[in-house]
Amino acid sequence: MIELYAFATPNSVKVPILLEELGAEYAVHPVNIRQGEQKTPEFLRLNPNGKVPVIVDSEGPAGQPITVTESAAILIYLAEKTGRFLAREGEARVRAFEWLFFHAAGLGPAFGQSGYFQKLAPEPIPAAIERFHGEAKRTLKVMDGRLAQVEYLAGEYSIADIANFGWIWRRAFANVDFAETPHVARWYAAIEARPAIGRAIAKIGG
Ligand SMILES: N[C@@H](CCC(=O)N[C@@H](CS)C(=O)NCC(=O)O)C(=O)O
């Protein structure tokens, strides 16, 4: 059984999407980050970084319970445990990691900071808006170039698509759209149509 600690956020949604794709049994524990529940002592014992998502798997390595933080690490953990949505070898595995890291170190932070400086910052800082909004639009175009060549980021649908989908699902926060990225639009529509997506979003109240 997997306990999922999450909220209706771009980093959280990736995990229930994969759990739904896997048909896994899991329970959602909402962590209201707007009310600071991610900084309570109880939650910090699960994730000292004070962020969602987190999973606790009662059947971890050697049959022992394990807590896993960081959305990309959780996706890899679940994909490796089940042998699904991540190629075991070859170029497809290399590409999956490439686009997973692209999301974790590039597109995700750019979207997050773009949204923060445009929607949440206490005062407007034009240089920060220009930098991060520019990076959000630029990384989306990089992805568009890849998706002009392949159906999914690693060839077949994988955790790399699920990871990037999480942020692009919340693209309005970053103030980006698909006007100049038709291949991302095609890819997004194909993933959004998968039954697992609607179920996952409903589970976290998105
Ligand atoms: N690198 C982390 C980032 C997690 C993250 O930033 N989560 C946000 C929600 S999308 C959060 O918990 N924010 C609350 C806070 O920072 O206090 C991951 O991929 O899991």
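**Contacts and packing in a predicted model**

Leu140 is in contact with Val176, Thr181 and Val184, leaving aside residues up to four places away in sequence. The model is predicted.

User: Is Leu140 buried or exposed, and in which helix is its place?
Analyst: The place of Leu140 is in helix α5. Leu140 has 23 C-beta neighbours inside 10 Å, and 20 or more count as buried. So Leu140, in helix α5, is buried.

User: What separates the C-alpha atoms of Leu140 and Ile168?
Analyst: Leu140 and Ile168 are 28 residues apart along the chain. Ile168 is among the buried residues of α6. The separation of the two C-alpha atoms is 8.8 Å.

User: Are α5 and α8 roughly parallel or roughly perpendicular to each other?
Analyst: The axes of α5 and α8 come within 7 Å and cross at roughly 75°. Angles of 65 to 115 degrees count as roughly perpendicular. The two helices, α5 and α8, are therefore roughly perpendicular.

User: Which residues of α8 does α5 meet?
Analyst: On the α5 side, the residues are Leu140, Met143, Asp144 and Leu147. By class, this contact of α5 with α8 has 5 nonpolar, 1 polar and 1 charged residues. The residues met in α8 are His183, Val184 and Trp187.

User: How many of the residues of helix α6 are buried?
Analyst: Helix α6 covers residues 159-169. The buried residues in α6 include Asp161, Phe165, Trp167 and Trp169. What covers them includes α1, α3, α4, α5, α7 and α8. Helix α6 is largely enclosed by the rest of the structure, because the buried count is 11 of the 11 residues.

User: At roughly what angle do the axes of α1 and α3 cross?
Analyst: The axes of helix α1 (residues 10-22) and helix α3 (residues 71-82) come within 9 Å. The helices α1 and α3 are roughly parallel to each other, a term for angles under 35 degrees. The crossing angle is roughly 10°.

User: Which residues of α3 make the contact with α1?
Analyst: From α1, the contact is made by Asn11, Lys14, Val15, Leu18 and Leu22. The contact of α1 with α3 has 6 nonpolar, 3 polar and 1 charged residues by class. The α3 residues are Ser71, Ile74, Leu75, Leu78 and Thr82.

User: Which elements give two or more residues to the shell around the ligand?
Analyst: The residues around the ligand are Thr9, Pro10, Asn11, Ile33, Gln38, Gly50, Lys51, Val52, Pro53, Glu70, Ser71 and Ala72. By class, the shell has 5 nonpolar, 5 polar and 2 charged residues. The elements giving two or more residues to this shell are α1 and α3.

User: What is the peptide bond from Val52 to Pro53, cis or trans?
Analyst: Pro53 is in the loop between α2 and β3, and both Val52 and Pro53 are listed among the residues around the ligand. Most peptide bonds are trans. From Val52 to Pro53, omega is near 10°, and the bond is cis.

User: Which strands stand at the edges of the open sheet?
Analyst: The 4 strands form the open sheet in the order β2-β1-β3-β4, with mixed pairing. An edge strand here has a single partner strand, so one side is left without a neighbour in the sheet. The edge strands are β2 and β4.

User: Which residue of β4 does Val56 stand opposite?
Analyst: Strands β1 and β3 pair in the antiparallel sense over 4 bridges, and Glu3 stands opposite Val56 in β3. β3 and β4 also pair in the antiparallel sense over 4 bridges. In β4, the residue opposite Val56 is Thr67.

User: Is Phe85 buried or exposed?
Analyst: Phe85 is found in the loop between α3 and α4. Phi of Phe85 is near 65°, a positive value in a residue other than glycine. Phe85 has 21 C-beta neighbours inside 10 Å, so Phe85 counts as buried.

User: How many C-beta neighbours does Asn175 have inside 10 Å?
Analyst: Asn175 lies in the loop between α7 and α8. Phi of Asn175 is near 65°, a positive value in a residue other than glycine. Asn175 counts as partly exposed because the number of C-beta neighbours inside 10 Å is 17.

Methods. Residues are numbered from 1 along each chain as its sequence is written. This is a predicted model: local features need pLDDT of at least 70, side-chain atom pairs count only at pLDDT 80 or more; totals for chains, interfaces and linings use all residues. Axes are lines fitted to C-alpha atoms, for helices over the stretch in contact, and angles run from 0 to 180 degrees between N-to-C directions. Angles under 35 degrees count as roughly parallel, over 145 as roughly antiparallel, 65 to 115 as roughly perpendicular and the rest as oblique. Two residues are in contact if their C-beta atoms, placed from the backbone, lie within 7 Å. Ala, Val, Leu, Ile, Met, Phe, Trp, Tyr, Cys and Pro count as nonpolar, Asp, Glu, Lys and Arg as charged, and the others, Gly among them, as polar. A residue is near a molecule or strand if its C-beta atom, placed from the backbone, lies within 6 Å of it. Two strands pair if DSSP finds at least two bridges between them. A residue is buried if 20 or more other C-beta atoms lie within 10 Å of its own, exposed if 12 or fewer, and partly exposed in between; C-beta atoms are placed from the backbone.
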